Amino acid sequence: MTETSTPSPAGGQPGSTVNVRWFSDLGMGDIEQVGGKNASLGEMVSHLTDLGVRVPDGFATTSEAFHHFIGDTGLKERISGLLRDLDTDDVRRLAEVGRTIREEVVAQPFPADLEADVRAAYDQLVAGAGGSDAGDGSGEQPSFAVRSSATAEDLPDASFAGQQETFLNVRGIDAVLLSIREVYASLYNDRAIAYRVHHGFEHDAVALSAGVQRMVRSDIGSSGVMFTMDTESGFDDAVFVTSAYGLGEGVVQGAVNPDEFYVYNPPLRAGRPALLKRGIGGKATKMVYTDDQTVGRTTEFVEVDPAESRLFSLTDDEVEELARHALTIEEHYGRPMDIEWGKDGRDGKLYILQARPETVKSQQKATD
C-alpha cells in the first residue's frame, strides 16, 4: 500500500463540514487540512481497521477552521503586530510576547459556526458516531484526548511534532472547546515561535488542527511506544516495544523507565514464537486521571506499588500482538514507524493511538 492512499470523500461520516472532519473521512492526502497526526489517524481508521488494527475514532478541526478562528476574529492582525520585528534571541521579550498572544487566543470566543460544528461533532462522538461507544457501562462521563496536529508536523523533513499541547481526560463540551483554544494558543509558545523564525517558516504558514479522540483507559491499564526497528542499532528486522503502567505520556516524555521487548520479525510473520528479549523497567510512577476537571489539571503522576513495578506490564502474547500491528502499519506506510499504543484497563484490548514515520535512526541509516 502507499502512504498517500485516497481518503473516503468528505461527508461519508455524518457531520463532516469545512470546519470539522471525522477521522474515518481522512487519509494521508489530507495533511494540509488536518496535519500529519490527524491525517495518519484517519489513514489507519480508513484502511487498517479491517486488518485488525484498533484505532479509536474521533474528529479533527481543519486548517480552514484555524484560519477562520485566527483571521475572522481580529486575532491575526494583533498577532502579526506583536510578532513583527520580534528578536527571538531576546528571551525576555520572546516570553512576554508569547504569553500575551496565548492569553488572547485562549480568551477569544469561537466564531458561531465553528463552535456549532464542534458541538455537533462532540455530540455525535459521545452518542456513538464515528465508532466510539457512548459509554462503557461505568456511568462515567466519557473522556477525550485533545491533541495538536500541525500542518507541517510528523513529516520526514520537519520537526514540529511535540511543540504543541496535548490535553488528556477532557470531559464535557465546554472543556473540549477550551482545550481546542489552548491547542491553538500553543502554536505561539516560545519554543514554537523561535523554531519558525530560525528555520525560515512564516508564522501564518503553519496552521493547527485539533484532534478530539475518545480516550483509551490506559490510566488503569498500560501504554507505551514501539518502533519497527531497533532504535539503538538500526536493525530493521525487529520490533522494539516499550511499555509502562498508566497513560502513555509518561513514556513519551521520558518520565517513566518502561519495560522493553524485542520481537524478531521472521518467526512473527510465520506465526511462531518471536519474542527475542525482554527487560523489566523501574516503572516507579504512572500517569493517571485526577478528579479535577480543570483543563491542564486532569492527569497526575502517582507512585506504582513496588510489587507491581517488579512485574511486566504486558504479557508475551500482548507484546507479539502489538508487534503484528506494527508490521501491518509499517507495510501500509512503506517505511519504519514510531507508534504509540494503549491497553484499555476495562476491556483489555490493545489500541493504536498514533503513528508517525521514525525519523531519527532511519534517516541516519539513509545517510550512512
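Trainee: Which residues does tyrosine 188 touch, not counting residues up to four places away in sequence?

Mentor: This is a predicted model, in which local features need pLDDT of at least 70 and side-chain atom pairs count only at pLDDT 80 or more, while totals for chains, interfaces and linings use all residues. Residues are numbered from 1 along each chain as its sequence is written, and side-chain values use heavy atoms, with hydrogens and water left out. Taking contact as heavy atoms within 4.5 Å, tyrosine 188 touches Phe66, Ile70, Ile79, Leu83, Gly98, Ile101, Arg102, Val105, Ile193 and Arg196.

Trainee: How many residues does the largest nonpolar core have?

Mentor: A nonpolar core is a set of buried Ala, Val, Leu, Ile, Met, Phe, Trp, Tyr and Cys residues joined through side-chain atoms within 4.5 Å, where buried means under 20% relative accessible area with a 1.4 Å probe and protein chains only. Val105, Ile180, Tyr184 and Tyr188 have the most contacts inside the largest core, and its largest share, eight residues, comes from helix α6 (residues 173-185; a DSSP run of H or I, at least four residues). The number of residues in this core is 44.

Trainee: Why is strand β12 largely enclosed by the rest of the structure?

Mentor: Strand β12 covers residues 337-343, a strand being a DSSP run of E of at least two residues. Met337, Ile339, Trp341 and Lys343 point one way and Asp338, Glu340 and Gly342 the other.

Trainee: In β13, which residue is the bridge partner of glutamate 340?

Mentor: β12 and strand β13 (residues 350-357) pair in the antiparallel sense over seven bridges, where pairing needs at least two DSSP bridges. The partner of glutamate 340 in β13 is glutamine 354.

Notes. Buried < 20%, exposed > 50% of the residue type's maximum accessible area, 1.4 Å probe, protein only.
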